[in-house]
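This report goes through the structure shown below, beginning with the individual chains and moving on to selected local details.

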Amino acid sequence: MDLTFQTYTLSNGITLIVKENHHAQSVVIRGRLRGGANLDPVEKTGLASFTTSLIRRGTSQRTFAQINDTVESVGAALHFSCGRHLTTVSSKSLAEDFDLMVELMVEGLTSPTFPPAEIERLRGQLITGLREMQESTRGLAQRYFRENLYTLEHPYGRPFNGTLESVPTITQADVFAFYQNFHPQDGIFVVVGDIEPDTVYQSLEATLGQWLPPHNPPDTSIPAPYPLEAAKRHVEVIANKTQADLMLGNIGPKRTDDDFYAAYVGDTILGHLGLGGRIGQVVRDREGLAYYARTSLMGGIGADPWCIYAGVNPVNVEKAIDLILAEIRRFRDETVTDQELADAQSYLTGILPLQMETNEGVANMLLQMHLYQLGDDFISRYPTLINAVTKTDIQTAARTYLSDETYVLSIAGPVSLPS
Amino acid sequence: MVSHDVVNDYKLDNGLQVLLKPVHTAPVVSNWVWYRVGGRNEQIGKTGISHWVEHMMFKGTPNFPKGRIMLEINRNGGVLNGFTSQDYTAYFETLPADRLDLGLRIESDRMANSLFDPDEVTSERTVIISEREGHENNPAWALNEEVKATAFHVHPYGHMVIGWKDDLHNITRDDLYNHYKMYYGPHNAVLVIVGDIDVDRVRDRIEELFGSIPAGPPPPSVTLREPTQQSERRVLMRKPGQTGYFQAVYHACEASHSDVFTLLMLESVFSGASFGGSSTHRSARLYRALVETEIGVDASASYHPSIDPGTFNFDGTVRHGHTLAEFEAALDSEIERVKEELVSPAELEKVIKQTRAQLAYSMERVSNQARWMGWLEMLGDWRRFDNLVDNLAAVTAEDIRQAARKYLRSSNRTVGWFEPA
């Protein structure tokens with residue numbers, strides 16, 4: 001496979017990548033700016049997410065209702081959101097409405113007004129959502145998994161949508177202060193769809209390219225997480241539920257770590273191939289304990305988790321945990337088989353055309369390539385990178401990151417759980 | 001959406017209907033088999049059996065032993081899944097275009113040769129119960145199960161596709177196998193392929209792989225009709241929790257009815273066009289009336305065309321500090337409004353543009369094109385929505401008002417409250 005695209009640099013330093021696709025009538029824009037929940041003050045966890053959600057709720061030119069009307073009248077979508085390291089801007093529209101989406105996007109980035117009434121409206125919605133989360137076995141299993149893996153002292157350990165304690169304390173002044181983190185330096189915008197690259201460049205240079213806030217870009221560095229030193233087990237009891245959710249795992253590699261590909265191919269074998277890899281095969285297919293049982297290797301800018309998760313009947317929790325730990329032990333003690341390795345490699349390389357079928361798929365790939373400096377020829381090198389992974393590499397990665405002795409286990413479910 | 005001249009629509013001698021559409025925009029193909037069986041075809045005491053059969057279709061044939069189907073597709077760079085609805089069961093593989101043959105071999109094999117090994121039935125019973133228990137954890141799902149069961153006294157649309165828990169304990173291996181033999185076969189299936197294909201070669205291969213599968217007798221038809229509802233019904237679910245959930249379902253028309261386009265427009269006026277792709281509800285009426293007023297945190301209307309008369313639905317989540325009664329009163333006044341005032345031309349125009357855009361987004365994937373054709377064929381005719389945008393544009397404001405008056409009557413509805421105790 002090959003992927004050709006145009007790269008430009010806007011006057012304010014933002015990198016613009018454009019990929020034409022005249023097979024589709026849509027245009028997708030994805031932008032990333034430095035800084036996300038990693039910039040949240042400890043006592044105001046959720047502030048980054050709160051601020052980005054508010055951007056669309058009023059600018060110097062339009063109210064929230066007017067923005068909604070404008071976007072939805074043309075059947076488009078416009079989102080501002082944040083992750084742990086990055087703020088994301090995204091839109092999808094018909095090609096004929098591209099300029100309108102650029103206008104709204106730039107308006108949001110450069111002149112949000114954070115109206116008090118919208119702050120209260122959003123706060124109420126978030127609080128209801130957080131209360132719903134307190135009833136969600138999966139949501140709570142995830143929350144306490146992170147909290148125990150990284151501790152609340154590290155940004156990765158805190159819930160980035162905030163908490164019932166933090167969200168009520170966020171003020172308009174906090175939001176304005178956080179907005180000072182928005183800056184074009186190191187920004188990246190990708191545009192994919194039925195559009196000419198030079199036209200896109202001219203349009204974005206005249207608008208987004210002129211955005212240069214008077215403040216310095218934020219320091220977005222965060223400390224490396226402390227390694228886990230002893231096993232931790234957290235049980236969260238929620239009444240009136242029939243199923244328990246569990247998450248078990250450790251801190252995994254960063255996307256840019258040398259052993260990322262070994263972990264990635266290994267994770268495919270452990271928790272994805274077929275019906276959830278080895279984990280799914282044992283927990284679901286052989287023992288019939290769960291509807292879902294699989295793994296997740298997040299591997300982003302920082303050291304995200306590598307974990308196993310499943311939803312099981314409370315009486316089967318201990319059995320499921322034993323089976324999962326036995327699989328981790330086997331994954332560390334023995335190399336995977338030749339056949340498993342070949343299967344994972346052919347899956348990961350073969351699925352590329354499917355991943356790149358849509359404009360969104362191509363845009364996400366181009367963003368990853370830029371964000372992790374994978375190189376313009378990444379697509380053509382990708383099969384080589386995947387196929388170079390050996391059985392020993394996978395075992396080494398498994399031993400580096402996963403453990404059947406030192407791990408975090410988080411369980412949320414009905415009262416009959418053992419703790 | 002789907003232009004006629006490029007779709008090959010034909011039947012094999014054994015009755016298998018085939019829809020082929022070449023699309024050469026990406027080296028990808030999506031292969032689907034649809035069976036005309038779902039929750040709608042189930043008897044009391046055997047609810048959930050169609051969905052369970054779907055699970056068993058991944059549990060092995062003599063040629064593809066247990067676990068091989070998914071693994072073979074993954075090995076070849078593809079993805080697959082199956083799903084069961086009230087009206088149909090569907091299976092698909094989306095693959096690099098040169099691997100279509102694998103998908104065809106899998107589907108032809110399991111159309112007739114799935115094993116239903118008793119041990120596999122046993123282990124899958126607990127998997128399905130676990131799937132159900134995962135749903136039960138969600139209060140809005142639990143409320144929906146009660147609301148449906150209250151809205152339908154006779155028709156099988158009254159049970160969830162996953163089935164009642166006791167039935168999942170009681171269904172036997174023979175029940176499952178008999179259900180499979182009754183409904184699976186070329187006479188009750190549609191094969192849909194969209195993607196980077198050479199039509200002549202694919203036609204030959206379909207004949208080789210599916211042509212010799214014998215047709216079974218026609219499956220029993222569903223003759224149950226839901227009696228006209230006489231008065232409003234209400235469900236009050238009071239359980240531990242922190243959040244209130246609201247639902248209301250009104251009996252509505254079937255997919256083949258001439259009101260279907262009007263109900264789709266009515267749905268969009270309430271909460272934006274919803275043909276996949278982007279969300280368009282925040283400028284729509286229910287968001288304005290229920291979320292911007294801070295009574296709810298979400299509110300939407302939905303109408304999914306179905307083979308037999310289905311429902312027009314409302315649902316929402318109550319904002320902390322507000323009540324279900326407030327939510328219902330605000331929703332009711334929006335319903336009254338649409339029965340009194342004509343929807344403005346600008347609102348109608350917006351909905352049409354939203355639909356046009358959403359269809360364009362959705363059809364960028366060959367898998368969505370195949371899904372669209374197969375879904376419509378299950379409802380009666382894959383051409384049913386060929387001119388969807390034109391058909392929707394032909395709906396007048398007066399049509400919408402009349403449909404609201406006809407269907408959105410309190411005597412025609414079931415209201416459900418999940419009230420946190």
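## Chain B as a whole

In this predicted model, the secondary structure of chain B amounts to 15 helices and eleven strands. The C-alpha trace of chain B spans about 60 × 50 × 40 Å along its principal axes, and its radius of gyration of 22 Å agrees with the value near 22 Å that a compact globule of 421 residues would have.

Of those 421 residues, 53% count as buried. Among the contacts in chain B with a separation of 6 or more, 81% are accounted for by residues 24 or more positions apart.

## Chain A as a whole

Chain A has 15 helices and eleven strands, and its C-alpha trace extends over about 60 × 50 × 35 Å along the principal axes. For 419 residues a compact globule would have a radius of gyration near 22 Å, and the 23 Å of chain A agrees with this.

The buried share of the 419 residues of chain A is 48%.

## The contact between the chains

The contact takes 53 residues from chain A and 51 residues from chain B. On the side of chain A that touches chain B, the elements that give two or more residues are helix H2 (64–73), strand E5 (86–94), helix H4 (116–133), helix H9 (273–286), strand E9 (290–297), strand E10 (305–312), helix H11 (338–350) and helix H12 (352–355) of chain A. H4(A) gives the most to this side, with eight residues.

By residue class, the side of chain A that touches chain B divides into 17 nonpolar, 24 polar and twelve charged residues.

## A helix pair in chain B

Within chain B, the axes of helix H9 (residues 260–271) and helix H15 (residues 397–407) come within 9 Å and cross at roughly 90°, which makes H9(B) roughly perpendicular to H15(B). H9(B) contributes B:Thr262, B:Leu263, B:Met265, B:Leu266 and B:Val269 to the contact, while H15(B) contributes B:Asp399, B:Ile400, B:Ala403 and B:Ala404. The residues of this contact of H9(B) with H15(B) divide into seven nonpolar, one polar and one charged.

## A covered helix in chain A

Helix H8 of chain A (residues 260–271) has twelve residues and reaches 16 Å from its first C-alpha to its last, close to the 16 Å expected at 1.5 Å a residue. H8(A) is mostly covered, with eleven of its twelve residues buried. The buried residues of H8(A) are A:Tyr261, A:Ala262, A:Ala263, A:Tyr264, A:Val265, A:Gly266, A:Asp267, A:Thr268, A:Ile269, A:Leu270 and A:Gly271.

## Positive phi values in two loops

Most residues other than glycine have a negative phi. In chain A, however, A:Asn240 has a phi near 65°, a positive value in a residue other than glycine. A:Asn240 is placed in the loop between strand E7 (232–237) and strand E8 (244–251) of chain A, and it counts as partly exposed because it has 16 C-beta neighbours inside 10 Å.

In chain B, B:Glu294 has a phi near 70°, which is likewise a positive value in a residue other than glycine. B:Glu294 lies in the loop between helix H10 (285–291) and strand E9 (296–303) of chain B, and its 15 C-beta neighbours inside 10 Å are why B:Glu294 counts as partly exposed.

Key:
Residues are numbered from 1 along each chain as its sequence is written. Chains are lettered from A and ligands numbered from 1 in the order in which they are written. This is a predicted model: local features need pLDDT of at least 70, side-chain atom pairs count only at pLDDT 80 or more; totals for chains, interfaces and linings use all residues. Helices (H or I, at least four residues) and strands (E, at least two) are DSSP runs, numbered from the N terminus. The radius of gyration is taken over C-alpha atoms; the globule rule is 2.2 Å times the number of residues to the power 0.38. A residue is buried if 20 or more other C-beta atoms lie within 10 Å of its own, exposed if 12 or fewer, and partly exposed in between; C-beta atoms are placed from the backbone. Axes are lines fitted to C-alpha atoms, for helices over the stretch in contact, and angles run from 0 to 180 degrees between N-to-C directions. Angles under 35 degrees count as roughly parallel, over 145 as roughly antiparallel, 65 to 115 as roughly perpendicular and the rest as oblique. Two residues are in contact if their C-beta atoms, placed from the backbone, lie within 7 Å. Ala, Val, Leu, Ile, Met, Phe, Trp, Tyr, Cys and Pro count as nonpolar, Asp, Glu, Lys and Arg as charged, and the others, Gly among them, as polar. The expected span of a helix is 1.5 Å times one less than its number of residues.
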